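My notes follow in the order of looking.

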Amino acid sequence: MRLILLGPPGAGKGTQAQHLVAKHGIVQLSTGDMLRAAVAAGTSVGLRAKGIMDRGELVPDEVVVAIIADRIGQNDAKRGFVLDGFPRTVPQAEALDRLLAERGLKLDGVIQLKVDEGILLKRIETRVAEMTARGEKLRADDNPDVLMGRLAAYRAQTAPLAGYYARKGMLKSVDGMAPIGDVTAAIDRLLSPAGPVKAKLTIKPATKPTRRKAKSAKAKGRAKKPRSKASARRAPSRRSKGRKSGRKARRAGRSKNKSGQVKSRTRRRLTKAR
Ligand code: AMP
């Protein structure tokens, strides 16, 4: 199994990588650890990288790509690996694609740990305070100022990798803010052969559709288009308007008695007969 863990510094990539190592019998390849080892050993790479790392900037692509090219060729990486902190730029990702293709290898997935940067900063400040209280040695770049620079480098240079791998259909994301065990479980589910458990589909019980009685052709012809209440209020229909005005005209033309009242129908008939 060959995986990449993606996420800003402090997102928990190292912790999750260790779990994957134990579960899948693969090796963790952390470029940060390798560079720190090079700095400690005083190698030429270490000497070149030290100042850059202390400032929270990124070591040049060709340096880390050379380290990884050498490391994935070693025996213990044959069963697979989880890359932690590499690639960190799009050119590094492209170089990795080439390295794997040359060896006939392929990636199984890229897991992104999604985190809230504000909370992340607090987490790291707490971790630094706790380590200091215990008298433990801090990493040179483990202070809030340098961390701000590392986060800025992540946003500018590493975050675009999510899009790079998403376009290849390889990106899988988990909530990195969840408790460690939950993040581990979420990653395991993503990597399980069955894939992530799909949300259960709620299927509505089938109800018999109510059938309308088919109208006869005659009834259909008679059917009037109902007028909406609003339009009925606005204006009387043309037909009822005509009916009303005709009635009015007829009433006006009727003969009236002395007091000006319209004569009853019988009286009108009698007057006519006379
Ligand atoms: P990390 O332990 O992964 O946070 O890395 C510590 C430091 O090592 C980073 O802040 C960088 O200066 C350097 N580094 C690690 N990995 C890379 C990489 N893939 N590309 C460039 N610089 C790196």
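**Pocket.** I began with the term: on a 1 Å grid over the protein atoms alone, a pocket is an open set of points with protein on both sides within 12 Å along at least five of seven lines, while a cavity is a set where a 1.4 Å probe fits but cannot get out; lining residues have an atom within 4 Å of a point. Grid points are joined across faces, edges and corners, and a volume is the space filled by probe spheres set on the points. By that search, the largest pocket has a volume of about 1000 Å³. I looked up its lining next: of 45 lining residues, Pro 9, Gly 10, Lys 13, Arg 139 and Arg 150 are the closest to the centre. Helix 1 (13-24), strand 2, helix 2, helix 6 (117-133), helix 7 and helix 9 (180-191) each give two or more residues to this lining. Helices (H or I, at least four residues) and strands (E, at least two) are DSSP runs, numbered from the N terminus. I sorted the pocket lining by class and got 18 nonpolar, 15 polar and 12 charged residues. Here Ala, Val, Leu, Ile, Met, Phe, Trp, Tyr, Cys and Pro count as nonpolar, Asp, Glu, Lys and Arg as charged, and the others, Gly among them, as polar.

**Ground rules.** This is a predicted model, in which local features need pLDDT of at least 70 and side-chain atom pairs count only at pLDDT 80 or more, while totals for chains, interfaces and linings use all residues. Residues are numbered from 1 along each chain as its sequence is written, and side-chain values use heavy atoms, with hydrogens and water left out.

**Overall.** I counted 13 helices and five strands. Of the 274 residues, 33% count as buried. Buried means under 20% relative accessible area, exposed over 50%, and partly exposed in between (1.4 Å probe, protein chains only).

**Cavity.** The whole structure holds one cavity of 30 Å³ or more. The volume of the largest cavity is about 70 Å³. Its lining includes Leu 5, Leu 6, Pro 9, Lys 13, Phe 86, Pro 87 and Tyr 154. Strand 1 (2-6) and helix 7 (144-158) are the elements giving two or more residues to that lining. By class, I noted six nonpolar, three polar and two charged residues in the cavity lining.

**Strand 1.** I checked how well strand 1 is covered: five of its five residues are buried. Arg 2, Ile 4 and Leu 6 lie on one side, Leu 3 and Leu 5 on the other. Strand 1 pairs with strand 3 (residues 81-84) in the parallel sense over four bridges. Pairing requires that DSSP find at least two bridges between two strands. Strand 4 (residues 109-114) also runs parallel to strand 1, joined by four bridges. Leu 3 stands opposite Val 82 in strand 3 and opposite Gly 109 in strand 4.

**Cores.** A nonpolar core is a set of buried Ala, Val, Leu, Ile, Met, Phe, Trp, Tyr and Cys residues joined through side-chain atoms within 4.5 Å. The largest has 33 residues, and among those with the most contacts inside it are Leu 29, Ile 68 and Phe 81. A second, separate core of 16 residues includes Leu 5, Ala 17, Val 82 and Ala 186. Contact means heavy atoms within 4.5 Å.

**Ile 67.** Ile 67 is found in helix 4. Is Ile 67 buried or exposed? Ile 67 counts as buried because its relative accessible area is 17%. Not counting residues up to four places away in sequence, Ile 67 touches Met 34, Leu 35 and Val 45. The C-alpha atoms of Ile 67 and Met 34 are separated by 8.1 Å.

**The loop between strand 3 and helix 5.** Pro 87 is found in this loop. A cis peptide bond joins Phe 86 and Pro 87, with omega about -5°. Thr 89 is placed in the loop too. Thr 89 counts as buried, at 7% relative accessibility. Leaving aside neighbours within four places in sequence, I found Thr 89 in contact with Leu 58, Asp 61, Gln 157 and Leu 161. Thr 89 and Leu 161 are 72 residues apart along the chain, yet their C-alpha atoms are separated by 6.8 Å.
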